[in-house]
Amino acid sequence: KMSTCLRTLHAGATSMVRQRLMHQKAVAAPKKAVYSELRTLTESLRDTSNASSSDEQLSNRQLFARLQPDPKTIDKLNMLQLGTEKHGRFERKKWFRYNEPHVKLPHMSFFAGAQKETSFPPESLPEVGFVGRSNVGKSTLVNKLCGSTAARVSDKPGLTQQINFFTAASDFHLVDMPGYGFAYAKEEERQAWKPLIESYIRNRKTLRRVMVLLDARHGIKVNDRDFIGLLDRMRVKYQFILTKCDLVHRIDLAKRHLLVAREAENLRNCIPRVMMVSARDDAGLNELRKELLHTCSLGQKYLADHKKKEVIALTEYEEQLKIFKDTARAKKRPGVPCGQYTTSSRPLADGAQTWEAANSKNPAFAIERELEGPKSRKREIGLFVAVAAVTWGLGSVIAFNYQRMSSTPVTAALYTARHNDEVKRVLGQQLNFTSAFPWISGDISHLKGFVEIEFDVVGDKGVTGRLVLKSRRVGNQSGEWKTVEFCIVLPDGRRIDCQQD
């Protein structure tokens with residue numbers, strides 16, 4: 001649309017100048033000046049049109065890359081350790097962090113679950129709802145806020161299929177709602193979730209705020225916009241929370257926060273403050289806890305001395321940050337040979353006038369400079385040794401697991417089968433192998449490994465049978481094995497179950 005408007009404006013301006021050329025005798029203007037004016041106006045309009053068309057040709061990813069984040073947001077992310085951070089080879093890492101005072105919420109427990117409107121509990125306490133796309137981290141965030149495991153979590157979308165109410169010490173309720181979008185559930189079940197959520201949000205009088213969770217990697221998507229429009233039509237206060245911030249680079253996270261904050265300012269019922277959290281690293285949770293307490297009018301009860309502790313912690317962090325910046329060494333500039341540096345605009349430590357003096361006062365700088373000399377083959381040799389060690393370790397683990405699964409379970413299975421009453425009655429007291437090489441199959445190197453062992457046995461009564469043992473791994477790779485099937489199959493097809501508790 002912008003390009004069309006510019007083309008229309010260009011055509012109109014050209015016609016106006018042509019009319020002036022036709023009446024040049026009347027206005028007594030030199031022809032050269034009129035042509036110069038036409039050329040200047042045409043070139044300016046052409047440049048504006050080309051700039052607009054070039055912006056239209058850029059993709060969303062390119063526009064996102066050109067976005068300039070807010071420096072204050074980056075400083076806050078650095079302080080709270082939100083987002084991933086990449087360090088250069090010669091870049092010094094911080095030895096300190098912001099010791100944020102912990103905000104503790106009361107213990108959370110399951111209160112009620114509702115799959116239809118008539119199952120909603122009575123309206124008694126203030127409620128804060130959590131909603132978002134499936135697998136955005138709603139239940140995980142609810143657990144992390146109160147340090148509980150009351151809400152069921154899963155890595156597959158669609159586990160929460162009803163509205164769950166959790167009470168926190170009879171002070172307020174946290175409401176975990178089903179997600180919208182793709183989910184591992186039947187179509188009719190997913191279609192029933194949306195009317196249930198709409199009914200709860202529209203008719204619940206104790207609902208203070210709805211927290212709309214957004215994936216920090218994607219921002220606001222189409223499903224989110226549809227639900228935001230529904231909240232605006234129902235005139236419900238809501239607020240955005242960016243989750244999974246530990247999976248996004250710090251600069252990209254600041255850009256995403258800027259885009260979401262700009263959109264929040266243009267929405268009628270949206271709280272302009274955008275929260276950022278990471279349930280894995282517990283980063284940003286204290287800010288969200290304070291927001292929840294203020295929303296439920298419980299700030300005076302739980303945050304009486306928190307402001308003073310926060311000021312002390314922030315002062316200590318700023319002092320450490322100032323020392324870190326003052327003792328920073330010279331920046332390495334492009335085109336400068338390795339080991340040579342140019343001066344920086346930052347002040348030097350202890351009043352030193354040159355970097356040589358600073359290095360003499362701080363031995364760590366001199367050591368770093370020696371290590372940053374010409375490249376050698378030490379790094380390549382170290383990498384080769386590390387890869388060789390990892391390969392040898394993985395081979396040893398796999399060989400050990402196979403040896404353990406090929407010997408220990410066979411002996412244990414035979415010992416257990418000998419003490420079974422049914423086996424003693426049919427096969428006899430003594431039970432031995434008929435072959436020294438049992439049949440073994442399975443995958444023991446996988447996290448969900450399994451193994452199947454079969455071998456022929458014979459008793460002192462002369463009756464033969466085939467002992468079958470099937471096991472699978474429980475937990476991680478170093479976990480225990482659980483027996484799935486353990487029996488002896490007789491020649492006539494009968495099965496003797498040997499599995500014990």
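A crossing of two helices is called right-handed if the near helix is turned clockwise from the far one by less than a right angle. The views below use that term for a predicted model.

**View 1. Helices H7 and H8 pack side by side in a right-handed crossing.**
Helix H7 covers residues 187-203 and helix H8 covers residues 222-234. Their axes come within 10 Å and cross at roughly 30°. Angles under 35 degrees count as roughly parallel, so H7 is roughly parallel to H8. On the H7 side, the contact is made by Ile-197, Glu-198, Ile-201 and Arg-202. H8 contributes Phe-227, Leu-230, Leu-231 and Met-234. Sorted by class, this contact of H7 with H8 holds six nonpolar residues, two charged residues and no polar ones.

**View 2. Helix H5 meets helix H9 in a right-handed crossing.**
H5 spans residues 71-80, and H9 spans residues 250-265. The two axes cross at roughly 130° and come within 9 Å. H5 and H9 are therefore oblique to each other. Thr-73, Ile-74, Leu-77 and Asn-78 make the contact from H5. Their partners in H9 are Arg-250, Ile-251, Leu-253, Ala-254 and His-257. Of the residues in the contact of H5 with H9, five are nonpolar, three are polar and one is charged.

**View 3. The axes of helices H6 and H10 cross at roughly 85°.**
H6 runs over residues 138-146 and H10 over residues 285-295. The axes come within 10 Å. At this angle, H6 is roughly perpendicular to H10. Leu-141, Lys-144 and Leu-145 of H6 touch Leu-285, Leu-288, Arg-289 and Leu-292 of H10. The contact of H6 with H10 has five nonpolar and two charged residues, and no polar ones.

**View 4. The second largest pocket draws the largest share of its lining from H6.**
This pocket holds about 540 Å³ of space. It is lined by 27 residues, and those closest to its centre are Asn-135, Val-136, Gly-137, Thr-140 and Lys-244. H6 supplies four residues of the lining. The lining of the second largest pocket divides by class into eight nonpolar, 11 polar and eight charged residues.

**View 5. The largest cavity has a volume of about 50 Å³.**
How many cavities of 30 Å³ or more does a search of the whole structure find? The search finds one. The lining of the largest cavity is made up of Lys-76, Leu-80, Leu-82, Arg-273, Val-274, Met-275, Met-276, Gly-284 and Glu-287. Two elements give two or more residues to this lining: helix H5 (71-80) and strand E7 (275-276). Five residues of the lining are nonpolar, one is polar and three are charged.

Note on methods: Residues are numbered from 1 along each chain as its sequence is written. This is a predicted model: local features need pLDDT of at least 70, side-chain atom pairs count only at pLDDT 80 or more; totals for chains, interfaces and linings use all residues. Side-chain values use heavy atoms; hydrogens and water are left out. On a 1 Å grid over the protein atoms alone, a cavity is a set of points where a 1.4 Å probe fits but cannot get out, and a pocket is an open set with protein on both sides within 12 Å along at least five of seven lines; lining residues have an atom within 4 Å of a point. Grid points are joined across faces, edges and corners, and a volume is the space filled by probe spheres set on the points. Ala, Val, Leu, Ile, Met, Phe, Trp, Tyr, Cys and Pro count as nonpolar, Asp, Glu, Lys and Arg as charged, and the others, Gly among them, as polar. Axes are lines fitted to C-alpha atoms, for helices over the stretch in contact, and angles run from 0 to 180 degrees between N-to-C directions. Angles under 35 degrees count as roughly parallel, over 145 as roughly antiparallel, 65 to 115 as roughly perpendicular and the rest as oblique. Contact means heavy atoms within 4.5 Å.
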